[in-house]
Amino acid sequence: MLITLRRALPLDIDALWALRTVAVRVGCATHYAPEQITVWTASPVPPAYATMLAAGGGIVAMQGEALAGYAMLDADKHEVDAVFVDPACAGLGIGKRLLAALELLARGRGMARLQLSASLNAVPFYRAAGFVALREEAYAHPSGISLASVAMEKALAAA
């Protein structure tokens, strides 16, 4: 089925967060303890999501009428805030397309590089997309837990 990309809208927030929760439960289960995932996925939508969407920093991938994935750019921090794909749509290249669209958006806004904090299971995905690991770190999740992650960055080619 055809995958189309469009700008994420504020009315998409609940659907985005629900997809993120399923993606974390499935995708991160191989790298994090069940107790961590329970706390992680119980956290509410961060206020920054509405801000990023209002600033045009969200992109959704649609498979027909169904949400297949999304990506979020925090333009203020020059940071990839999120790339999540519905586990049922894994392996179709949706994450790659979303990340490429986010990089295009960032370049269009004059950003020379992007940074992110990758969950351990996502490091190979970002490395394959040209991101370089800077250091391992403990990400202080808003829910209060600490998650092992890897700080990564990528220099963007000129637009």
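The structure is a predicted model, in which local features need pLDDT of at least 70 and side-chain atom pairs count only at pLDDT 80 or more, while totals for chains, interfaces and linings use all residues. Residues are numbered from 1 along each chain as its sequence is written, and side-chain values use heavy atoms, with hydrogens and water left out.

The protein contains five helices and seven strands; helices (H or I, at least four residues) and strands (E, at least two) are DSSP runs numbered from the N terminus. Along the sequence these elements follow the pattern β-α-α-α-β-β-β-α-β-α-β-β. The radius of gyration is 15 Å, close to the 15 Å that the globule rule gives for 159 residues, so the protein is as compact as a globular protein of that length. Here the radius is taken over C-alpha atoms, and the globule rule is 2.2 Å times the number of residues to the power 0.38. Taken along the principal axes, the C-alpha atoms fill a box of roughly 40 × 35 × 30 Å. Of the 159 residues, 42% count as buried, where buried means under 20% relative accessible area, exposed over 50%, and partly exposed in between (1.4 Å probe, protein chains only). Among contacts (heavy atoms within 4.5 Å) between residues at least 6 apart in sequence, 64% join residues at least 24 apart.

Two of the helices show how burial is arranged around an axis. An α-helix has 3.6 residues a turn, so residues three or four places apart point the same way. In helix H2 (34-42), the residues Ile37, Trp40 and Thr41 are buried. Seen down the axis of H2, its buried residues fall within an arc of 85°, so they line one face of the helix; the arc is that of the directions from the helix axis to the C-beta atoms. These buried residues pack against helix H1 (13-27), S5 and S7. The face of H2 turned away from its buried side carries the exposed residues Glu35, Thr38 and Ala42.

Between H2 and H3 lies a loop that holds valine 45. At 27% relative accessibility, this valine counts as partly exposed. Leaving aside residues up to four places away in sequence, valine 45 touches Ile13 and Trp17. The C-alpha atoms of valine 45 and aspartate 14 are separated by 8.1 Å, although the two are 31 residues apart along the chain.

In H3, the buried residues are Tyr49, Met52 and Leu53. They cover an arc of only 95° around the axis, which puts them on the same side of H3. Their packing partners are strand S1 (3-7), H1, S2, S3 and S4. On the other side of H3, Pro47, Thr51 and Ala54 are exposed. After H3 comes glycine 56, whose phi is positive, near 80°.

The interior can be described through its nonpolar cores, each a set of buried Ala, Val, Leu, Ile, Met, Phe, Trp, Tyr and Cys residues joined through side-chain atoms within 4.5 Å. The largest has 26 residues, and those with the most contacts inside it are Val80, Ile94, Leu114, Leu116, Tyr126, Phe131 and Met152. Elements giving two or more residues to this core include strand S2 (58-63), strand S4 (79-85), helix H4 (94-108) and strand S5 (113-119). H4 supplies the largest share of this core, six residues. A second, separate core of 23 residues includes Ala8, Ile13, Ala23 and Tyr70.

Aromatic rings form a further set of links. Rings of Phe, Tyr and Trp (its six-membered ring) pair if their centres lie within 6.5 Å; planes under 30 degrees apart count as stacked, over 60 as edge-to-face and the rest as tilted. By this rule there are six aromatic pairs. The rings of tyrosine 49 and tyrosine 70 have their centres 6.2 Å apart and their planes at 75°, so this pair is edge-to-face. The pair links distant parts of the chain, with tyrosine 49 in helix H3 (residues 47-54) and tyrosine 70 in strand S3 (residues 66-74), 21 residues apart. Both tyrosine 49 and tyrosine 70 are buried. Tyrosine 126 and phenylalanine 131 also form an edge-to-face pair, at 5.7 Å centre to centre and 75° between the planes. Trp17, Tyr49, Tyr70 and Phe84 form one aromatic cluster.
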